[in-house]
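Q: Hi! I have a structure open and would like to talk it through in plain words. Can you help me get started?
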Amino acid sequence: MLRTPVAGRRLEILEWLKDPEAHFPGRRRADGVGADTVAAALGVPSRVVETDLALLARLGLLHTRRDGDRTLYRRDEMRIAEVARLFEKGW
């Protein structure tokens, strides 16, 4: 995930989802954020962001929740802390 050309965008998405109210006005933390909202903020097509979000979710870094026909994403703070500890240990 961190060695690809798009790693910076994925890290930026994770950082933005840390405080969605600041980066996506009108979104409450518990609600999550949809791919279309993230794509608009990044200025890229939704399909690109959907791929990034799906990967981050498969890695366990994001929780997903269905809201009608949309998928909402929010950070999994426990899993992110676990991964950070692995990197600190020289994993």
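Q: Which residues does Leu62 touch, not counting those up to four places away in sequence?
A: Leu62 touches Leu14, Leu17, Leu53, Leu56, Ala57, Tyr73, Arg74, Arg75 and Asp76. Contact here means heavy atoms within 4.5 Å.

Q: Before we go on, what kind of model is this?
A: This is a predicted model, where local features need pLDDT of at least 70 and side-chain atom pairs count only at pLDDT 80 or more, while totals for chains, interfaces and linings use all residues. Residues are numbered from 1 along each chain as its sequence is written, and side-chain values use heavy atoms, with hydrogens and water left out.

Q: Good. How many residues are in the largest nonpolar core?
A: That core has 17 residues, and Leu62 is among those with the most contacts inside it, along with Ile13, Leu17, Val49 and Leu53. A nonpolar core is a set of buried Ala, Val, Leu, Ile, Met, Phe, Trp, Tyr and Cys residues joined through side-chain atoms within 4.5 Å. Buried means under 20% relative accessible area, with exposed over 50% and partly exposed in between (1.4 Å probe, protein chains only).

Q: Which helix gives the most to this core?
A: Helix α1 does, with 4 residues. Helices (H or I, at least four residues) and strands (E, at least two) are DSSP runs, numbered from the N terminus.

Q: At what angle do α1 and α4 cross?
A: The axes of α1 (residues 7–18) and α4 (residues 46–58) cross at roughly 75° and come within 10 Å. Axes are lines fitted to C-alpha atoms, for helices over the stretch in contact, and angles run from 0 to 180 degrees between N-to-C directions. The two helices are therefore roughly perpendicular to each other; angles of 65 to 115 degrees count that way, under 35 as roughly parallel, over 145 as roughly antiparallel and the rest as oblique.

Q: Which residues of α1 and α4 meet?
A: From α1, Arg9, Arg10, Ile13, Leu14 and Leu17 meet Val48, Val49, Asp52, Leu53, Leu55 and Leu56 in α4.

Q: New topic: in what order do the strands sit in the sheet?
A: The order is β1-β3-β2, in an open sheet of 3 strands with antiparallel pairing. Two strands pair if DSSP finds at least two bridges between them. β1 and β3 (residues 70–75) pair over 2 bridges, and Val33 has Tyr73 in β3 as its bridge partner.

Q: Where does α4 lie relative to the strands?
A: α4 lies across β2 and β3, running at about 120° to β2.
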